[in-house]
Amino acid sequence: MTRWFRIISTRSAWFGLVLHVLVYDQTRAPLDVIGRAQAMTTAIFRRVGVELDWVDPAVRRVAASTYVIRLVPDAPTASGNVLGFAVPDSHMASVLYERVDRLAGPSTRDVATAIGHVMAHELGHLLLSDASHSAAGLMRSEFDIVRAGQGALRFSDDQARTIRAAVAAADR
Ligand SMILES: [Zn+2]
């Protein structure tokens with residue numbers, strides 16, 4: 001066991017790219033759903049060589065480099081098919097929980113998968129400094145819950161490079 005942990009920490013020290021993310025939950029979402037969504041977002045970022053560090057403000061001071069995801073029930077002014085949004089040139093994004101919940105259907109597993117992907121997508125906008133969407137993958141404008149469940153929605157190699165550079169700059 002000890003050896004296993006040592007290998008893991010050596011590996012993350014090798015990559016050295018850590019993104020600090022705080023979830024500010026303003027919904028009544030079940031905690032286990034949020035936890036599983038965070039695990040999903042973590043897995044998506046690990047594929048591009050970035051480790052997510054989920055900040056608990058009750059335990060730790062929040063550094064200026066921290067990215068904040070607000071989980072809100074809804075945003076009445078957001079147009080019909082919007083599931084989340086990112087504030088350009090900021091560290092702040094929002095995820096519209098009730099809309100994602102409705103889209104995902106009754107399975108809490110699907111809801112967690114969907115929330116995890118929307119969080120990754122909005123973090124993607126912040127890190128790519130780009131409001132535009134790609135034709136395929138995680139940064140497509142339309143969210144495909146089926147492909148998300150298959151683990152098929154990812155950042156492109158180009159996006160991965162830009163994200164790594166942005167994380168390296170943010171954590172300096
Ligand atoms: Zn988007």
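At roughly what angle do the axes of helix α3 and α4 cross, and within what distance do they come? This is a predicted model, so please take what follows as a description of a prediction. The axes of α3, residues 97-104, and α4 cross at roughly 130 degrees and come within 9 Å. That angle makes α3 oblique to α4. The crossing of α3 and α4 is right-handed.

Which residues make that contact? On the α3 side they are Val100, Asp101, Leu103 and Ala104, and on the α4 side Asp110, Val111, Ala114, Ile115 and Val118. By class, the contact of α3 with α4 has seven nonpolar residues, two charged ones and no polar ones.

A word on confidence before I go on. The mean pLDDT of the protein chain is 90, and 91% of its residues reach 70 or more. Residues 1-14 have a pLDDT below 50, and beyond near neighbours in sequence that stretch has one contact in the model. I will say nothing further about that stretch.

Back to α4, this time with α2. The helix α2 covers residues 31-46. The axes of α2 and α4 come within 7 Å and cross at roughly 50 degrees. With that angle, α2 is oblique to α4. The crossing of α2 and α4 is right-handed.

The list of residues here takes a moment to read. From α2 there are Val33, Arg36, Ala37, Gln38, Met40, Thr41, Ile44 and Phe45. They meet Thr108, Val111, Ala112, Thr113, Ile115, Gly116, His117, Met119 and Ala120 in α4. By class, the contact of α2 with α4 has ten nonpolar, six polar and one charged residues.

The next helix to look at against α4 is α6. Here α4 runs over residues 108-128 and α6 over residues 157-170. Their axes come within 9 Å and cross at roughly 70 degrees. Angles of 65 to 115 degrees count as roughly perpendicular, and so α4 is roughly perpendicular to α6. In α4 the residues in this contact are Gly124, Leu127 and Leu128, and they meet Gln159, Thr162, Ile163, Ala166 and Val167 in α6. By class, the contact of α4 with α6 has five nonpolar residues, three polar and no charged.

Leaving aside neighbours within four places in sequence, His121 is in contact with Gly84, Leu138 and Met139. His121 and His133 are twelve residues apart in sequence, and their C-alpha atoms are 9.8 Å apart in space.

Arg28 lies in the loop between β1, residues 18-25, and α2. Arg28 is exposed, because 8 other C-beta atoms lie within 10 Å and the limit for exposed is 12 or fewer. The C-alpha atoms of Arg28 and His117 are separated by 19 Å, and the two residues are 89 apart along the chain.

Ala64 sits in the loop between β2 (51-54) and β3 (67-72). With 7 other C-beta atoms within 10 Å, Ala64 is exposed. Ala64 and His91 are 27 residues apart in sequence, and 9.2 Å apart from C-alpha to C-alpha.

Last, two residues with a backbone angle to note. Asp89 is in the loop between β4 (84-86) and β5 (92-96). Its phi is near 55 degrees, a positive value in a residue other than glycine. Asp89 counts as exposed, with 8 C-beta neighbours inside 10 Å.

Ser129 is found in the loop between α4 and α5, where α5 is residues 145-149. Ser129 is not a glycine either, and it has a positive phi of about 50 degrees. With 11 C-beta neighbours inside 10 Å, Ser129 counts as exposed.

To sum up, α4 is oblique to α3, α2 is oblique to α4, and α4 is roughly perpendicular to α6. That is all I have.

How values were computed:
Residues numbered from 1 in each chain as written. Predicted model: local features only at pLDDT ≥ 70, side-chain atom pairs only at ≥ 80, totals over all residues. Helix = DSSP H or I, 4+ residues; strand = E, 2+ residues; numbered from the N terminus. Buried ≥ 20, exposed ≤ 12 C-beta atoms within 10 Å, placed from the backbone. Axes fitted to C-alpha atoms, helices over the stretch in contact; angles between N-to-C directions. Parallel < 35°, antiparallel > 145°, perpendicular 65-115°, else oblique. Contact = placed C-beta atoms within 7 Å. Nonpolar A, V, L, I, M, F, W, Y, C, P; charged D, E, K, R; others polar. Left-handed = near helix turned anticlockwise from the far one by under 90°. pLDDT = per-residue confidence, 0-100.
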